[in-house]
Amino acid sequence: MLSRLKSWDRLGPRLFLLMWAALALSHLAAWCLVTQGLQGPGDEPAGPPPHLQGEADRPSPPSPHGDFAGRPPPPPAHAARMPTFPSLPPSLPWHSTLLDYGVRLAVIALAAWWGSRWLARPVRRLVSAAQQLTPALARGQPAPRLNQADGTREVREAAAVFNRMAAELSGQFEERGLMIAAISHDLRTPLTRMRLRLETGEVEARVRERCIDDLREMNHLVESVIEVFRPGEAAPPQRVDLSALAQSAVDDLAEAGAAVGFEGPPAVVTADPLALRRVVDNLVGNALRYAGNARVRVDLAAGVTRLVVEDDGPGIPEAELERVRQPFRRVEGSRNRATGGTGLGLYIAQQLVRRQGALLVLSNRAEGGLRAEVVF
């Protein structure tokens, strides 16, 4: 008996029961309304006035065997229009027919509307939790959970699978962060010791400078890797003047002798100012590394704010425009000490741009060079 009851704890039987009940209820409601409308007081045949009623004036009851010609007695006038359950005869008046089918259609439509929302509710919860999963993991927040005791068996099983998957992903992200922190600590300590020994020891100046450059590059690589794999902090967004922030970054580089300039009107966006400054530094630094110059501007058009960074360098082959966004991916011709970099600048910029709800677009200029746009 218990197993039979559990068989109804599924989506299919519940849907069957809902549709069957809706059809039966629609027929019953239509039959009751039309029957009540046809059996009103006005349908009773009116008799003669009371003062004229008499034994002689009253018609004799019809014989159950019919008249003298053998025909059966005619049915009462209102009986010809009486409906039968569950179907109604076609001899109903037009207004009763409209009422009948109108009630049926209304009940079935109401049941279908409620049933569709009932069936879609767990799916909407699952979609909402899936949309929140990636941002939560990226910011180091707890993964969203679904109620495993609500809904049909299929819904509960899907909720359990989602919660287990979210917990495993959250654990992997946490373990990855701890591993990167341990690697950073264990790797930076010997690098710092080597740099101190080179700076204080009796080593030829040329060799010392080259070794220090290597150590500086290794330290920069460690910092970039940590920036990629460390969960993003959930910094509250602020209203930031994008033009003022870009102008400040450009001024700092110009003071160091870089060939960089800025132009654009004031533009306020909602973002994390520290992350936005890192994006500007990465894009401008990428342009200076490969082209030796950079032009930064802010455009406002049709409610869209764009931060544009252009250069006059060799650009990127069309087939590589999407691949260079991947970590440690560099154009083959740039693998040298002067311009090689770590292959993480564009990847970090893209991740930070996504966290601000913006979009990073890369394209080659018709005049030559690369154009990087951050679209808010």
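This is a predicted model: local features need pLDDT of at least 70, side-chain atom pairs count only at pLDDT 80 or more; totals for chains, interfaces and linings use all residues.
Reader: Understood. Is Asn 282 then buried or exposed?

Author: Asn 282 has a relative accessibility of 15%, so this residue counts as buried.

Reader: Which element holds Asn 282, and which residues does it touch beyond its sequence neighbours?

Author: Asn 282 is part of helix 7. With neighbours within four places in sequence left aside, Asn 282 contacts Gly 345, Ile 348 and Ala 349.

Reader: Where does helix 7 lie?

Author: Helix 7, residues 273-291, lies across strands 2, 4, 5, 6 and 7. Relative to strand 4, helix 7 runs at about 140 degrees.

Reader: And what does helix 8 touch?

Author: Helix 8, residues 345-355, packs on the sheet and touches strand 6 and strand 7. The direction of helix 8 makes about 140 degrees with that of strand 6.

Reader: Turning to the sheet, in what order do the strands come?

Author: The order is 2-4-5-7-6, in an open sheet of five strands with mixed pairing. Strand 2 (259-263) and strand 6 (359-364) are the edge strands, each pairing on one side only. On average, neighbouring strands are turned by 15 degrees against each other, direction ignored.

Reader: In which sense do strand 2 and strand 4 pair?

Author: Strand 2 pairs with strand 4, residues 293-301, in the parallel sense, over five bridges.

Reader: Which residue of strand 4 stands opposite Glu 263?

Author: That residue is Arg 297.

Technical notes. Residues are numbered from 1 along each chain as its sequence is written. Side-chain values use heavy atoms; hydrogens and water are left out. Two strands pair if DSSP finds at least two bridges between them. Helices (H or I, at least four residues) and strands (E, at least two) are DSSP runs, numbered from the N terminus. Axes are lines fitted to C-alpha atoms, for helices over the stretch in contact, and angles run from 0 to 180 degrees between N-to-C directions. Contact means heavy atoms within 4.5 Å. Buried means under 20% relative accessible area, exposed over 50%, partly exposed in between (1.4 Å probe, protein chains only).
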